[in-house]
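The structure is shown first.

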Amino acid sequence: MSAVGRSSEVRAGWLLSTPALAAITIFFLLPALASLGLSFTDFDIYALSDLSNLRFISLNNFAALLGNPLFWQAMGNTMWFVLLGVPLLVATSLGAALLVNARMLKWRPLWRVALFAPYVTTLVATAVVWRYLLHTRYGLINYALGSVGVGPIDWLGDPHASLPAILIFVAWKSFGYNMIIFLAALQTVPKDLTEAALIDGAGAWSRFRHVTLPAIAPAMLLVAILTVSGMFQLFAEPYVMTQGGPSQSTVTVLYFMYEEGFKWWNLGSGAAVAVILFLLIVTVTMLQLRFAKRAGAI
Amino acid sequence: MNMCIDRRFFLAGVTALASTGCARRSADVEMWAMGNEAAALPELLRMLNTDSKLPSVSVQPLPWTSAHEKLLTGFAGGALPAMSQVGNSWIAELAAIGAIEPVPEAQSDLLSDQFEAVIDTCRIGGKIWAVPWYVDTRVQFYRRDLFARAGYNAPPPRWDDWKAALHKVKRVAGEGNYAVLMPVNEYEHLITLALSAKAGMLNEAGTHGAFSEPNFLQALAFYKSLFDEGLAPLASSTQISNVWSEFARGYFSVYPSGPWTIGDMKKRLPAEFQKRWGTVPNPGPDGIGSAAPGGSSLVVFRGAANSGAAWNVVNALLGSPGQAALQKLTGDMPARKASWAANADTHITAFADQLENARALPKVPEWERIVSEMQVVAERMLRGQFTVKQAAAEMDSRANRLLEKRRWMVERGRAL
């Protein structure tokens, strides 16, 4: 290729990618840098009225957070959401994907739509329905549990039941998206391999374990990373269902950041929470990648 | 309205708020309101506008749970309406950030015939920043029948006698029952006791905690004794699913609460129970106690283009037809004392007495956060983690930490 051709290709490349790069810079990179800067200041309502009331306080926000018991409780709650939620979501969505991919299933498109529907419905609307489902006295869930002899559970009022309640809601709401990813991966599993395994006498479980699972490992990694970062950033569900209660048992890190920033209007401290959360997610994702590399998924 | 487009252009973050501002071109005055009042305002304004002299008002309802955030976001984005209803505890903050101005001299009539403690809540740095619209406070709801069986007409007003009466009432109520309900996650109960003991809670300038003062220590020790002596259950409000039926059952015989409880009692408890409860003001160390004056005020925001029209609306809402209509539509207790005579409800007298004895809470923007911390410490004290003195010291240290910025501001003469 001639030099002229190459430079015109470079120009076209820049031309095509500039809008996207500009949007990323303006709407993602700059705000992220601004909030990093903000985390070293004590931006609060006084600074809101007059910027000369803003002070640079280096790492004081971070030190104050580490000494704040509610921050640690939010961290702990978030860890529970991640530890319980990620396996639950991955298992549910993989199960659902296997189901709607199964050849003996009739009306497959209908099943796919039905299982994907929760993901695309409005969160607040579904939260209203779920609050009825989880209602202590009139809720369908307690009614069902009652018929097998389990006493009524105060799902959204008991500090021990509220986190599982939110988790069930989150799993129901978001497994559809992962299911689609798994479904796409399942359809790339070579049929001849499955059939060869079948001829060699492999049962359903060993076909799944030794043929399907290795084939969808990259998709599994993607889903795991997305779910982990989603679980770390849980906010809307506790916000609409419990407002962080009862006894702050559903305050997540992001909910804590929201309260710090927009309820108490300590934007500096809120930005510091965001920075910590960012570092946490990056670290966990790195660990996942390293683990996946060792396991041969990528 | 030109301004509105500029705002929308510059402040992408608040487009939602700004666009509601732009969408309603037809009205002269934009007003934000919350809860019941927001629902009643359109009809209230229609009732007042018989001679069509009022400017047209478009009311934007906000939920109470997010109204405070929306006001601050509206200020940050320059998207505030001309006027708004605000909770009395937010006035200090709105004044500190410069969202509102003191009530102008020409409107000072609006502040007459009002409860002094409520006006004092709106007074910051010697100036009054908002016009009280309706008021509320907390009194004791008590079981007439159980107190009668214990030998009392009503809970006595002095702390010593009051506690002695509670012991007797608890005995009358029987095994497993208590005498008073003060959920440990609600800070209002300790605040009522502290105000009754004339504790300041912060120093005069509002720069340091004053929880270790003798008056507050007295209130805190009294609060603790109610739990230690088994008069109050060590429970948070989420653990008591139905306050009214528990009250009727005799689980507790005294429940300090606000005027909304009158309606709840009437609605949720059977007709034959209605003669068996009453209201009296809170007790104090040496006679009738105190309480925090609550309620909402009206503000006209700084720099509102049509502030004249907005003040006309405030005047209409504070006039006697306006106050009477508010009482009728919402059941709120009007801020103007003259409008109280018309209310025939016998339970209301206790509120009037209590309001005459109310005292304003500290007026610093950090207050709400300080009381939340206070209650966290108080609950730990009740669960045995702190003695009274240690708890007070812990409250002081937490308050002082929260007030650090304010001290810096005061030193530079920048705080109100």
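A residue counts as buried if 20 or more other C-beta atoms lie within 10 Å of its own, with C-beta atoms placed from the backbone. The model is predicted.

## Strand 14 of chain B

Strand 14 of chain B spans residues 294–300, and seven of its seven residues are buried, so the strand is largely enclosed by the rest of the structure.

In a regular strand the side chains alternate between the two faces of the sheet. In strand 14 of chain B, one direction is taken by B:Gly294, B:Ser296, B:Leu298 and B:Val300. B:Gly295, B:Ser297 and B:Val299 point the other way, and the residues of both sets are all buried.

## Neighbouring strands

Strand 14 of chain B is joined by five bridges to strand 3 of chain B (residues 83–87), and the two run antiparallel. Within this pairing, B:Gln85 has B:Leu298 as its bridge partner.

Five bridges also join strand 14 of chain B to strand 6 of chain B (residues 131–136), again in an antiparallel arrangement. Here B:Ser296 of strand 14 stands opposite B:Tyr134.

## Contact between chains A and B

The contact between the chains involves 14 residues of chain A and 14 residues of chain B. On the chain A side, the elements giving two or more residues are helix 2 (45–49) and helix 12 (253–263). Helix 2 of chain A gives the most, with four residues.

By class, the side of chain A that touches chain B consists of seven nonpolar, four polar and three charged residues.

Methods: Residues are numbered from 1 along each chain as its sequence is written. Chains are lettered from A and ligands numbered from 1 in the order in which they are written. This is a predicted model: local features need pLDDT of at least 70, side-chain atom pairs count only at pLDDT 80 or more; totals for chains, interfaces and linings use all residues. Two residues are in contact if their C-beta atoms, placed from the backbone, lie within 7 Å. Ala, Val, Leu, Ile, Met, Phe, Trp, Tyr, Cys and Pro count as nonpolar, Asp, Glu, Lys and Arg as charged, and the others, Gly among them, as polar. A residue is buried if 20 or more other C-beta atoms lie within 10 Å of its own, exposed if 12 or fewer, and partly exposed in between; C-beta atoms are placed from the backbone. Two strands pair if DSSP finds at least two bridges between them.
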